[in-house]
Structures are given as structure tokens and as C-alpha cells.
Amino acid sequence: MNVRDLLSVMLLSAGAFFFLAGTVGLLRFPDVYTRQHALTKVDNLGLGFVVLALVLQANSAAEALKLALIWGLALAASATISYLIAHSAFENDVPPWQRTPRGPQ
Amino acid sequence: MERLYLALAAFLLLNIAVGLIRILRGPTAADRMVAAQLFGTTGVAVLLLLAQAQAMPALRDVALVFAALAVLATVAFVKRVASRADEGESP
């Protein structure tokens with residue numbers, strides 16, 4: 001196993017960790033906004049690590065560029081999706097989570 | 001390396017399966033849509049890994065389409081929810 005493969009393995013492991021963190025966040029956070037916040041950022045970071053690992057293994061520059069393009073599109077898509085979902089939830093009066101329900105303030 | 005790619009793809013698939021729990025529980029429609037977003041991102045990663053592991057470059061194009069369609073699905077969802085909300089209110 002050469003250095004490039006080793007680097008790829010490390011990046012893939014990091015990606016797997018971040019994807020796992022995103023899923024845990026989706027299941028464990030208390031409301032839609034916090035779930036959104038966990039998932040959008042962390043999953044795209046995981047995807048970035050996976051893409052970077054695959055770029056290292058790419059056979060040609062065009063292939064590497066295409067992988068980077070896919071990641072860019074996924075980033076733009078995720079930003080749009082997260083805004084749309086959070087905005088529609090807020091418009092439909094989904095209450096943000098608070099530590100003390102109906103507390104002072 | 002191929003084995004590692006496939007193992008990671010299987011792991012990501014497991015992530016998606018666990019994400020189904022959120023769709024089951026809800027409680028709001030937006031929560032379920034967030035789970036759909038997980039499907040989008042993770043699905044792209046799975047397809048990229050499979051493309052590399054099985055030497056099928058066409059799967060990268062599938063991943064591109066996946067990312068694009070995820071946005072369309074969300075826009076459709078938001079439109080539906082918005083139109084439903086409009087029906088209840090007087091303009």
C-alpha cells in the first residue's frame with residue numbers, strides 16, 4: 001500500500017465518521033432546525049472527505065475535476081434545500097426548541 | 001481498495017436505513033424532509049464509491065442527477081406545504 005492509498009483510507013475513515021455524526025444528529029437533536037443544522041453541514045463535510053479520497057485515486061484530471069464538480073453541486077443543493085426546509089418550517093409555525101419550555105423572557 | 005469502498009458504501013447505506021427512523025417518528029413534515037436530504041447527500045456518496053469500486057464511470061453521472069433531483073424534490077415539498085397553508089388563510 002503506497003502513500004496515496006494510505007491517505008485515501010484516512011480520508012475515507014474521516015468521511016465515514018462525519019456521515020455517522022450526521023445520522024446521530026438527525027436522530028438525537030430535539031427539533032427540526034437543530035437536526036437541519038447537524039445534517040446539512042456535517043454530511044457535506046463527510047461527502048467532501050469521500051470526494052477528496054476518490055480524487056486521489058482518479059486516473060485523469062478530468063475525472064478528478066468531475067468529482068470536485070459533483071461535490072460543488074451537492075454543496076449548492078444542500079444549502080438551497082436546508083434554507084427551503086427551515087424557512088417553510090418557520091413559516092408554518094414549527095416552534096424552535098427551548099431548554100425550558102415557557103421559561104422567563 | 002475495492003473492498004474498502006464497498007464496505008464504506010454498505011456503511012453509508014446503513015446510515016440511510018437508520019435515518020428511516022426519523023421519517024417514521026416525524027413529528028413534522030419538515031423533519032421527514034430533512035431525512036430525505038440525508039438520503040440525497042449519502043446517496044451521492046454511495047454512488048461515487050460504487051463508481052470507483054466497480055469501475056463504472058456512468059454512476060458518477062447518476063450521482064450528479066441525484067444531487068440535482070434532491071433540490072427539485074424539496075422545492076416540490078415546499079410548494080405543496082405553502083399552498084396548503086394558503087388555503088387555510090384568507091388572502
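**Chain A against chain B: α3(A) and α2(B)**

Biologist: Which residues in α3(A) meet residues in α2(B)?

Modeller: This is a predicted model, where local features need pLDDT of at least 70, side-chain atom pairs count only at pLDDT 80 or more, and totals for chains, interfaces and linings use all residues. Residues are numbered from 1 along each chain as written, with chains lettered from A and ligands numbered from 1 in the order written. Contact requires C-beta atoms, placed from the backbone, within 7 Å, and helices are DSSP runs (H or I, at least four residues) numbered from the N terminus. On the α2(B) side are Ala30(B), Met33(B), Val34(B), Gln37(B), Thr41(B), Val44(B) and Leu48(B); they are met from α3(A) by Leu67(A), Ile70(A), Ala74(A), Ser78(A), Ile81(A), Ile85(A), Ser88(A) and Ala89(A).

Biologist: Is α3(A) roughly parallel or roughly antiparallel to α2(B)?

Modeller: Axes are lines fitted to C-alpha atoms over the stretch in contact, with angles from 0 to 180 degrees between N-to-C directions. The axes of α3(A) (residues 61–91) and α2(B) lie 10 Å apart at an angle of about 175 degrees. Because angles over 145 degrees count as such, the pair is roughly antiparallel.

Biologist: Which helix supplies the largest share of the side of chain B that touches chain A?

Modeller: In total, 38 residues of chain B are in contact with 38 residues of chain A. α1 (2–25), α2 (29–53) and α3 (58–88) of chain B each supply at least two residues of that side. The largest share, 14 residues, comes from α2(B).

Methods: Contact = placed C-beta atoms within 7 Å. Parallel < 35°, antiparallel > 145°, perpendicular 65-115°, else oblique.
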